[in-house]
Amino acid sequence: MNIHEILKKYWGYDHFRPLQEDIINSVLEGNDTLGLMPTGGGKSITFQVPGMTFESGVTVVVTPLISLMKDQVDNLKRHRIKAVYFHSGMSAAESRNAWEKLVNGKARFLYIAPERLQNDRFMLELRQIEVRLIVVDEAHCISQWGYDFRPSYLTIKSLRKLKPEVPVLALTATATPEVAQDIMDQLEFRNGKSFRKSFVRENISYIVRSSDAKIHDVLHILSRTTGTSIVYVRSRRRCREIAEFLQSADISSTFYHAGLDFKLKEERQNAWQSGAVRVMVATNAFGMGIDKPDVRVVIHYDLPPSLEEYYQEAGRAGRDGLPSFAVVLAARTDRGVMHRRITEAFPERKVVKKTYERICNFLHVSIGEGYDSIREFDIEKFCRVFELQERQCRASLRLLSQAGYLHFIEDPDSRSRFKMLCTREELYDIHDLSESAEKVLAMTLRTYTGLFSDYVYIREPEIAFKLQVSENTIYEAMLELSRKKIASYIPHSGIPMIYFPTSREETSSLLIGKNIYEQRKNAMTIRTESMLDYAFSDKDCRVERMLAYFGENNSGKCGKCDVCRDRKRSKSKKGANDTELSERIISFIKSRPSGTTLTAIEHFCGKDSAAIASIVAFLCNEGFLRCENNIYRIDSKTV
């Protein structure tokens, strides 16, 4: 099948979106390729379609987001495409199951977190797999100048060395020209090609509103617009407060952040996605992989840390092409808040090193131990024990992650998974199960499919409801099935995790280099100032300013942002005033049959002399007046 037939068979589309086909053809020609496609541009199609053209082998996709990895694999399976993933939150049994599929040719796509490439055993096993394409998603993470630099991405070079003949496709939604070039350099592109889709979203009106009472302005905006909306904030507590405030004003809303239980997040996302809830108040944890086309308004209650993040989040509006709004609420105090974020994001090195030492002690990891291990990490309890501010702790974790000493997994896979270990025939020979375990097993097999071939996400409350028993009864029965090797059960866990890619080192030997600290701090400062300029300058078109940041310098004024609209109103008002003034000048000169001087006209009008002279010159050029020896008269041909 050709690429158009594949697109139609598996995704049901007749045509590719702009730039998709160009990128696909470049990949199939064997070129290293960089694709810059704004949010909603359909990046996944650019590697999933070519991945399905290969008769054998797999497409390896490197992505930093476990949640997005799982969503894409689940989505591929819905399209009858076989895919597996590896991340540090998986059990040993799940990993073995995934490898069996790869080795036996039962997977076309392999999704991995970049940290997995630091595992020597994984790389040794990957050497045996036929790889046809390497995809680097969120490719800006490999650039130290990118807004979300992750040192683990630098290990992708080892994948290139392992499979030197395999082409690389790097994808990102936002990148400045400097970051785009750095991506290609870091990935060692060979005769690479770059495709950039314009960042212009003509149906979105970008607006900045000065606000000292933001919550009331949110209500004001939502009360005067219709359709689905998102309100982005930087605080989990504020998520709940704003949602409750909107509910009290009879606006259907809910809230979403990384700290919620998976089941609750899933329910709220589905309610918003289906239209049962109009407004989602959320942190930046909400949005990745969300492709709801009819979002009419995206409001940023707090300023985002960079134009890259703002563009991605604002770009979730109007994906159906209909008129939509992206609104930033900017208060006078926001400048100070943004500058404090820089300071908070970079605690002193001694604080970062002390945090590392305390984390290792808290998790009982001795010096020289911990390599390639993963531990549950209750960050709230940790901060209570050591009397630390959680914000400072998170900043230290981020720096330690960028330095490669650990990886903090905020949102592990908290859903329960279940897989049968015995065959259907062997079920008939099992006689020593308790009555509750027998009932739970029978109900699980009736409720879920595919349990004999792979791990399946299950919900204990659903099984408990059907059997009319407690959730604890389900849990105990599942553990019994696991102990007797009948099934493999991985219960849900909402506790964050820490992955150690290296063994614990002496605190004194920790190196937080200039590329991690000073250079990153400077890069963050530049991004912060760019965001502040966007929010607080009203001299330039918002879109023109934002696109110039991304390297599009000939975009022209959008005509729809608040700056452009203010200019139009000003010109319209000025035009109305000019018309009135022109009529007064003509009436005055008509009353003077012998004519009059410019000085007399200026005295009569009592206006700015330059403005009067300009209007009089205009009237002469248009033939309403004529001037002889500095005396102005009505032109009889036009009266």
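Contact means heavy atoms within 4.5 Å. Helices (H or I, at least four residues) and strands (E, at least two) are DSSP runs, numbered from the N terminus. The model is predicted: local features need pLDDT of at least 70, side-chain atom pairs count only at pLDDT 80 or more, and totals for chains, interfaces and linings use all residues. Residues are numbered from 1 along each chain as its sequence is written, and side-chain values use heavy atoms, with hydrogens and water left out.

**Exercise 1. Give the strand order of the open seven-stranded sheet and name its edge strands.**

Step 1. Two strands pair if DSSP finds at least two bridges between them.
Step 2. The order is E3-E4-E2-E5-E6-E1-E7, and the pairing is parallel.
Step 3. Strand E3 (83-86) and strand E7 (193-196) each pair on one side only, as the edge strands.
Step 4. Axes are lines fitted to C-alpha atoms, for helices over the stretch in contact, and angles run from 0 to 180 degrees between N-to-C directions. With direction ignored, neighbouring strands of this sheet are turned by 20° against each other on average.

**Exercise 2. Describe the pairing and the side-chain directions of strand E2.**

Step 1. E2 (residues 58-62) pairs in the parallel sense with strand E4 (residues 109-112) over four bridges. Here Val60 stands opposite Leu110, and Val61 opposite Tyr111.
Step 2. E2 also pairs in the parallel sense with strand E5 (residues 131-136), over five bridges. In this pair Val61 stands opposite Val135.
Step 3. In a regular strand the side chains alternate between the two faces of the sheet. Val58, Val60 and Val62 point one way from E2, while Thr59 and Val61 point the other way.
Step 4. Buried means under 20% relative accessible area, exposed over 50%, and partly exposed in between (1.4 Å probe, protein chains only). Five of the five residues of E2 are buried, so the strand is largely enclosed by the rest of the structure.

**Exercise 3. Which strands do helices H5 and H8 lie across?**

Step 1. H5 (residues 92-103) lies across E2, E3 and E4 and runs at about 140° to E3.
Step 2. H8 (residues 177-186) lies across strand E1 (33-36), strand E6 (168-172) and E7, and runs at about 150° to E1.

**Exercise 4. Describe the second largest pocket and its lining.**

Step 1. On a 1 Å grid over the protein atoms alone, a pocket is an open set of points with protein on both sides within 12 Å along at least five of seven lines, where a 1.4 Å probe fits; lining residues have an atom within 4 Å of a point.
Step 2. The second largest pocket holds about 460 Å³ of space, a volume being the space filled by probe spheres set on the points.
Step 3. Of its 19 lining residues, the closest to the centre are Ser95, Arg116, Asn119, Arg121 and Asp372.
Step 4. H5 supplies the largest share of the lining, four residues.

**Exercise 5. Is Ser211 buried or exposed?**

Step 1. Ser211 lies in the loop between strand E8 (204-210) and helix H9 (214-223).
Step 2. Its relative accessibility is 2%, so Ser211 counts as buried.
Step 3. Leaving aside neighbours within four places in sequence, Ser211 is in contact with Asp217, Leu329, Ala330 and Ala331.

Key
Ala, Val, Leu, Ile, Met, Phe, Trp, Tyr, Cys and Pro count as nonpolar, Asp, Glu, Lys and Arg as charged, and the others, Gly among them, as polar.
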